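Thank you all for coming.

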Amino acid sequence: MRVIVDLDLCEGNALCMKAAPEVFEVGDDDRARVLLERPSEALRAKVELAVRRCPRQAIRLVEG
Amino acid sequence: MDVSSIPLDQLDVITAKTYGEHGYPHEAWTRLRRESPVHWCQPPGYRPFWAITKHADIVEVSSQPDKFRSAGRFILFPEAASYGGPSLEEDPPLRMLVNMDPPEHRDYRKLVSGWFTPRAVSRLKERLEEITREMFDELARDGGEYECDFVREVAALQPLRMITEMLGIPREKEDFVLRITNENFGVEDPEFQREGDTRDDRLGFLQEAFAYMTEIMADRRANPRQDLSSVLANATLGGQPVPEFELFSLWFLVMVAGHDTTRNAISGGLVALLEHRDELEKLRRNPELVETAADEIVRWATPVNHFSRTATADYELRGRKIKAGDSVALFYASANRDEEVFEDPFRFRVDREPNPHLGFGIGEHFCLGAHLARLDLRVFFRQLAERLESIELAAPVQRLHASFVGGPKQIPIRYRLKPAR
């Protein structure tokens, strides 16, 4: 799976970082940065939680 | 209200009077969630709409602004207004974030969003604590027992002071801003609505606000300060100044939505704590619980009850066929009691976690001020929990006649607070 953040939507709410700190980091610019663009399957549940929790629905998971 | 024997098509989830007299129609929504979660409503006096009452469905609609636009009918109002002129639905008097769509919505939102990120809001904490302390000091007086209207004299003040300071509006203008705001959200309330026969009479508060904004904008263009009004006064879009109508709409939105909704959350939170004394005691024993209590209060009170979208193409939702042009009303307060999402949804629990409520919406239009609202609530209820000696209702709670943004209008209380140290 591949993680994509729409930076046009992201406003640094940082819930992704709380759900999956291995995969997301929110920096001083109030934008999420993807640390692991292709996280392992072991992280799937956490990443899916981040997708659901994002207040602006700015995160997408692409399979493959 | 017992609605178990009323036919589904006669359930009232929209008239302002029902909200004013009975509060939010939770019994009706509970039936709709169970029996017809995507329900075609044709109440007398309203253009028909789909009532969306499930959490998952509101998320699905909100995440697709291209398929469900906000421009057009974004709030449900009665079709035939009791005064002359076009209805609020046909001809909205403002063009602001809540009735714009991307890409325009994003351009306008970015003009101010930097002021409302978690980091930006966290810098306001100390000032907010000061404002709140001052307010409680005055209310406490010598620590004796006093009475007041909690809505007007307490809940309205703290968020109002914060947003007016952010906008650079001086304190002597507070009463003006409060009145304008009450007339705006109370447009259907017999006590708050303005007198008059024409639309211009009823919406006269917009003219007053516009005149005041024009003054502020001129001043901030000549002498910019470190405030949000200066940011707006000097903002450009694509190298051009922001058109006046849209500029006013955005300024007005920040001003009124920036505090009224939080006032309703604080008021609704107090009512919840009075009705759940065990939760109030939990909070008094452990004020740290405000961290989770803030979101539980927003879930419980859901000050923004609904927004409406318009389908841009045919769309199937839970087997129902929504047609292009249909209105889709998102009832956030219903989603916030959804049995499939919340354990024991009708229990108010200050330590509820996780709490994926939709009180701030979700997606493109997620509440710009959500972090400020949370901070307002946390600071407010922490200080209340630390200083409260006793509190009880002195008379019944009165509710605003409104199905858009609503909540308690009057909460007469008898109280004792620890006096200033």
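Let me begin with a definition, because two strands are said to pair if DSSP finds at least two bridges between them. Helices (H or I, at least four residues) and strands (E, at least two) are themselves DSSP runs, numbered from the N terminus. Please keep in mind that this is a predicted model, in which local features need pLDDT of at least 70 and side-chain atom pairs count only at pLDDT 80 or more, while totals for chains, interfaces and linings use all residues. Residues are numbered from 1 along each chain as its sequence is written, chains are lettered from A and ligands numbered from 1 in the order in which they are written, and side-chain values use heavy atoms, with hydrogens and water left out.

With that in place, in chain B you will find an open sheet of 5 strands, in the order 1-2-10-7-3, with mixed pairing. Strand 1 (38-41) and strand 3 (68-69) of chain B are the edge strands, each pairing on one side only. How do strand 2 and strand 10 of chain B run, and how many bridges join them? Strand 2 (residues 49-52) and strand 10 (residues 327-331) of chain B run parallel and are joined by 3 bridges, and B:Ala51 has B:Ala329 in strand 10 as its bridge partner. Across strands 1, 2, 3, 7 (306-311) and 10 of chain B lies helix 3 (residues 55-62), which runs at about 130° to strand 10. That angle is taken between N-to-C directions, from 0 to 180 degrees, with axes as lines fitted to C-alpha atoms, for helices over the stretch in contact, and contact means heavy atoms within 4.5 Å.

Let me turn to the rings. Rings of Phe, Tyr and Trp (its six-membered ring) pair if their centres lie within 6.5 Å, and planes under 30 degrees apart count as stacked, over 60 as edge-to-face and the rest as tilted. Over all chains, there are 19 aromatic pairs. In one of them, B:Tyr19 and B:Trp29 have ring centres 6.5 Å apart and planes at 65°, so this pair is edge-to-face. Because B:Tyr19 lies in helix 1 (residues 16-22) and B:Trp29 in helix 2 (residues 26-35) of chain B, the pair ties together parts that are 10 residues apart in sequence. B:Tyr24 and B:Trp29 are also edge-to-face, with centres 6.1 Å apart and planes at 80°. Elsewhere, ring pairs link B:Phe176, B:Phe210, B:Tyr212, B:Phe248, B:Trp251 and B:Phe252 into a cluster.

Next come the buried places, where buried means under 20% relative accessible area, exposed over 50%, and partly exposed in between (1.4 Å probe, protein chains only). B:Tyr19 is buried at 2%, and B:Trp29 is buried at 0%. B:Arg299, in helix 16 (residues 290-301) of chain B, is buried too, with a relative accessible area of 0%. Not counting residues up to four places away in sequence, B:Arg299 touches several residues, including B:Asn336, B:Arg337 and B:His357.

Finally, what can be said of helix 8 (residues 157-167) of chain B? Helix 8 is mostly covered, with 10 of its 11 residues buried, among them B:Arg161 and B:Met162, and helix 8 is followed by B:Gly168, whose phi is positive, near 75°.
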